[in-house]
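The sequence and the model are shown first, and the description follows.

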Amino acid sequence: MPELPEMENYKRIFEQKLIGRKIEAVEVTREKTINKPVVEFVGAVQGKTLVAVERRAKHLIFKLNSGENLLVHLMLGGLMYIGSEQDSPDRTKQVTISFGNDLLFFIGIAFRISSSIIK
């Protein structure tokens, strides 16, 4: 199970590499991973810009310029990986978000889209 230092490292990496970048495409290969129908989920994320990444306990919150938030939990053995199609992990990617040539792969995670975050 991911621990807090690992989640903080993910947060820092994503802040450095992805803040201010537009989400060009979203692919969902496992619908149970997300809390909305695929078309609605993709519509809420694709074309938006990532404006911030926050961590709350073992959740990462990806803040979009639309005001929506993507809440990500790594569950027991999940991971996130930034790379290209050529170095894609040899595992089932539940969700893949494209930032141009950089792809953000989500493996073994749970996703939620929310307009508000409880503090």
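This is a predicted model: local features need pLDDT of at least 70, side-chain atom pairs count only at pLDDT 80 or more; totals for chains, interfaces and linings use all residues.

Which residue in E3 is the bridge partner of Leu50? That residue is Leu64.

## Overall form

The protein chain contains two helices and eight strands. Followed along the sequence, these elements give the pattern α-β-α-β-β-β-β-β-β-β. The chain has a radius of gyration of 13 Å, close to the 14 Å that the globule rule gives for 119 residues, and it is therefore as compact as a globular protein of that length. The C-alpha trace spans about 35 × 30 × 30 Å along its principal axes.

Of the 119 residues, 42% count as buried. The accessible surface of the chain comes to about 6,500 Å², and carbon and sulfur atoms hold 50% of that area. Among contacts with a separation of 6 or more, 61% are between residues 24 or more positions apart.

E2 and strand E3 (residues 59-64) are joined in the antiparallel sense by six bridges. Besides the pair of Leu50 and Leu64, Ala52 has Lys63 as its bridge partner in E3. The hairpin of E2 and E3 has two residues between the strands, and Ala57 there takes a positive phi near 55°.

## The sheet containing E1 and E5

Another open sheet is built from four strands in the order E1-E6-E7-E5, again with antiparallel pairing. Strand E1 (25-28) and strand E5 (79-83) each have a single partner strand at the edges, so one side of each is left without a neighbour in the sheet. From one strand to the next, the twist averages 15°.

E5 and strand E7 (residues 102-107) run antiparallel and are joined by five bridges. Within this pairing, Gly83 stands opposite Leu103 in E7.

## How the helices meet the sheets

Helix H1 (residues 4-18) lies across E5, strand E6 (95-99) and E7, and runs at about 25° to E5. Helix H2 (residues 38-45) packs on the sheet that holds these strands, where it touches E1 and E6; the direction of H2 makes about 155° with that of E1.

## The nonpolar core

In soluble globular proteins, nonpolar side chains tend to be buried together. The largest nonpolar core of this model has 29 residues. Phe41, Phe62, Met80, Ile97, Phe106 and Phe111 are the residues with the most contacts inside that core.

Phe41 illustrates how such contacts are made. Residues up to four places away in sequence are not counted; Phe41 then touches Val26, Val28, Ile34, Lys36, Leu70, Val95, Phe111 and Ile113.

When residues up to four places away in sequence are left out, Thr33 touches Gln94, Val95, Ile109, Ala110, Phe111 and Arg112.

Glu85 is found in the loop between E5 and E6. Glu85 has a relative accessible area of 56% and is exposed, since the exposed class begins over 50%. Glu85 and Asn101 are 16 residues apart in sequence, and the distance between them in space is 8.4 Å, C-alpha to C-alpha.

Conventions
Residues are numbered from 1 along each chain as its sequence is written. Side-chain values use heavy atoms; hydrogens and water are left out. A nonpolar core is a set of buried Ala, Val, Leu, Ile, Met, Phe, Trp, Tyr and Cys residues joined through side-chain atoms within 4.5 Å. Buried means under 20% relative accessible area, exposed over 50%, partly exposed in between (1.4 Å probe, protein chains only). Contact means heavy atoms within 4.5 Å. Two strands pair if DSSP finds at least two bridges between them. Axes are lines fitted to C-alpha atoms, for helices over the stretch in contact, and angles run from 0 to 180 degrees between N-to-C directions. The radius of gyration is taken over C-alpha atoms; the globule rule is 2.2 Å times the number of residues to the power 0.38. Accessible areas come from the Shrake-Rupley method with a 1.4 Å probe; for residues, only the protein chains shown count as cover.
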